[in-house]
2 protein chains.
Amino acid sequence: MADNVTVQSVEKNMKGKATSFDIAHYAGVSQSTVSRALRNSPLVNEETRRRVHEIAKKLNYKVDKNASNLRTQQSSTLALLLFEDPTEDESQINPFFLSMLGSITRACAKEGYDLLVSFQSTSSDWHADYEDSHRADGLILLGYGDYIDYQSKLQTLLDNHTKFVCWGASVDDRPDLTVSCDNYGGGALAAKHLIEMVRTDCAFIGDASDHSPEFFARFKGFRDTLKQKAIEVSDRKIANAISTEDSGYHATRSLIANNVTFNALFAASDLIAIGAIKALQEAGIRVPHDVHVVGFDNIAAAGYVSPSLTTVQQNTTLAGQMLVDNLLRLIRGEQVADTLLPPKLIIRQSSR
Amino acid sequence: MADNVTVQSVEKNMKGKATSFDIAHYAGVSQSTVSRALRNSPLVNEETRRRVHEIAKKLNYKVDKNASNLRTQQSSTLALLLFEDPTEDESQINPFFLSMLGSITRACAKEGYDLLVSFQSTSSDWHADYEDSHRADGLILLGYGDYIDYQSKLQTLLDNHTKFVCWGASVDDRPDLTVSCDNYGGGALAAKHLIEMVRTDCAFIGDASDHSPEFFARFKGFRDTLKQKAIEVSDRKIANAISTEDSGYHATRSLIANNVTFNALFAASDLIAIGAIKALQEAGIRVPHDVHVVGFDNIAAAGYVSPSLTTVQQNTTLAGQMLVDNLLRLIRGEQVADTLLPPKLIIRQSSR
DNA sequence: CGACATTATGACACCGGTGTCAGACTGTAT
DNA sequence: ATACAGTCTGACACCGGTGTCATAATGTCG
């Protein structure tokens, strides 16, 4: 027995990590049995299993994920791909996405999955990379839609039968699975609130084209709700901005410079709103006295700015959970539908 | 030729992903050659390589990371383990760590490494899990030191020859590799600033015990610098807090309730400072008029609170880069030393 | 005692690459 | 023609697990 040479791993070489063969050797059973015992297969004898577990612990044994994944053809790993507005400052990440990242990480952990995080510039050929290479069982795509040339890549993913879910607006002609906040409803909440506050001479800063589906949906919900009260949002009072403080600041300044007047402002994101407030205050326009401001996202900073920012909250905890849940369902081949999460209005000082 | 059965993969089954055998089949070469060609080995003929690459692209081939990693015994992946103050609200993550997470992610991408992100409760037996299982080549440990029972686990990592770097205070009797902000120097910066502002009746909120090495170092730098001017920080003016807004709020309230007076306050973190400002303002104490406040970290919110918060900035971009760089050096077996990053004082309204 | 089910185990192929080694082929010097 | 170096390629073992199949050992029943 003792002169039996183990096949894959020599007896007591502590240089490398312990393998299941080492355990097999010490336990006096075959490697197959070790593998089964460690996964608590009912096929192995109670006593054998106990012994194997004990030795495994003693040797500090950990299953080699690469070997295991290779054999089983799955990885217990999800990949989170973050797409950022390319104009965003490199060192700063949109706090809303960071918040999502946090909740997704937690949701993954809860489900026993690892999470690979990766930033993607929208131009690179990220598509399919993670899943085809078996690094992840599925993908979570997170970003304010920079949808140029994005669609074709989603199509590639679909063609490759890659499992993935997207955060963001569900666009009709796209057959991907999405989880998103009810952006339209959120815009409506903002409008209703301003109507209640009798502030109906509204400006909008964001993106009122369908270039960015999410911002557009927020705008539509906002506009349509006002329209129900026969209030129009004049084109003059709409300024384009991407989701940065700077962009919101400059968009607002240009409105002011053009002598556009308004007594309420709806921003497509909190960062834009924060930039807008700064521009307003610099111009001597008081918030909320002269202009009520409502943002979107409820990032942490929204509660800290002065005046604190009324905003439409996206439930990131739930969102992260749903993204992960839906993706796992998709991976398991279960039926899944797009998910729409209800937004919630958080009223703070900027609108009262 | 055509009736030759390929060993691992059948000719045209599009159900699974393409393997190197598929490419070999189409290219009319052996699988070995394909493997070499794809990795641009100089051993393969120029023309052969070109053809292989072309077919690979056509088949949408991606190297199976599990197989590759298994063979080469490494993973091109780093793992980031986030340790949080256990009392922290589950849904919110300390913004400072989020910021670090962002910069680490970017640094990894730059070096061609994937990043696994994982939250750890300090009690679980995370140690060695990722690296022993070959999921990651190295670990980055990130957290305000919750150092109970932490040391023994670091020792386990060392015993297992796991490669890892820690963010945070380098403690003398710990042989691990750390990257940290010069917390002592940062505390000194805060003190010097307050001395300049002639606000030397200082309170400190944080942790003035060595339970949390980082907070303690900040406190020491602060205290020692004041002491050079023969100014003592009275024990009565020190309150304990962990790094949350709530904790800072309550610690400050208790100071006030005990009739402790001061005209300056140094908080061990921005979150604490923000909570402190809130408590001060509620008590009718004006910032900065009655009390100057200085925080630590320069989280995004620091610029948004009112008054905006003077703080000691930690350069998270550089920190992330250094953590990754040092870890990779460690993995490559190169010589690495602890790294201390210079802090920078950001003066804002809360102290002028 | 033979037929058969049940339980526990070992042998072995396999996942899809990588690295080593042997050898075929070409060209050039002897 | 022979020797030999240089270039390119294929065969094959290997990484460390997992799953299938065969089989030994034990129990049960007619």
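This is a predicted model: local features need pLDDT of at least 70, side-chain atom pairs count only at pLDDT 80 or more; totals for chains, interfaces and linings use all residues.
The interface draws on 46 residues from chain A and 46 residues from chain B. About 4200 Å² is buried between the two chains, with 52% of this area on carbon and sulfur atoms. Six salt bridges were found across the interface, one of them joining the side chains of Lys17(A) and Asp132(B) at 3.1 Å from N to O. Polar contacts across the interface involve 17 residue pairs, both residues being at pLDDT 80 or more. On the side of chain A that touches chain B, two or more residues each come from helix H4 (65-72), helix H5 (95-110), strand E2 (114-120), helix H6 (129-132) and helix H11 (270-282) of chain A. The residues of this side comprise 16 nonpolar, 17 polar and 13 charged. Strand E2 of chain A also pairs with strand E2 (residues 114-120) of chain B, in the antiparallel sense and over three bridges. Within this pairing, Val117(A) has Leu115(B) as its bridge partner.

Over all chains, the structure holds 28 salt bridges. In chain A, Arg218(A) and Asp297(A) form a salt bridge with their closest N and O atoms 3.9 Å apart. The two residues lie 79 residues apart, Arg218(A) in helix H9 (residues 213-228) and Asp297(A) in strand E9 (residues 292-297). Both Arg218(A) and Asp297(A) are buried. In chain B, Glu334(B) and Arg332(B) form a salt bridge at 2.9 Å. Glu334(B) is partly exposed, at a relative accessible area of 37%, whereas Arg332(B) counts as exposed at 53%. A network of salt bridges links Glu47(A), Arg50(A), Arg51(A) and Glu54(A).

Technical notes:
Residues are numbered from 1 along each chain as its sequence is written. Chains are lettered from A and ligands numbered from 1 in the order in which they are written. Side-chain values use heavy atoms; hydrogens and water are left out. Contact means heavy atoms within 4.5 Å. Buried area is the accessible area (1.4 Å probe) that two parts lose on being put together, summed over both. A salt bridge is a side-chain nitrogen of Lys or Arg within 4 Å of a carboxyl oxygen of Asp or Glu. A polar contact is a pair of N or O atoms within 3.5 Å; within protein, one must be able to donate a hydrogen and the other to accept it, and residues adjacent in sequence count only if both atoms are side-chain atoms. Helices (H or I, at least four residues) and strands (E, at least two) are DSSP runs, numbered from the N terminus. Ala, Val, Leu, Ile, Met, Phe, Trp, Tyr, Cys and Pro count as nonpolar, Asp, Glu, Lys and Arg as charged, and the others, Gly among them, as polar. Two strands pair if DSSP finds at least two bridges between them. Buried means under 20% relative accessible area, exposed over 50%, partly exposed in between (1.4 Å probe, protein chains only).
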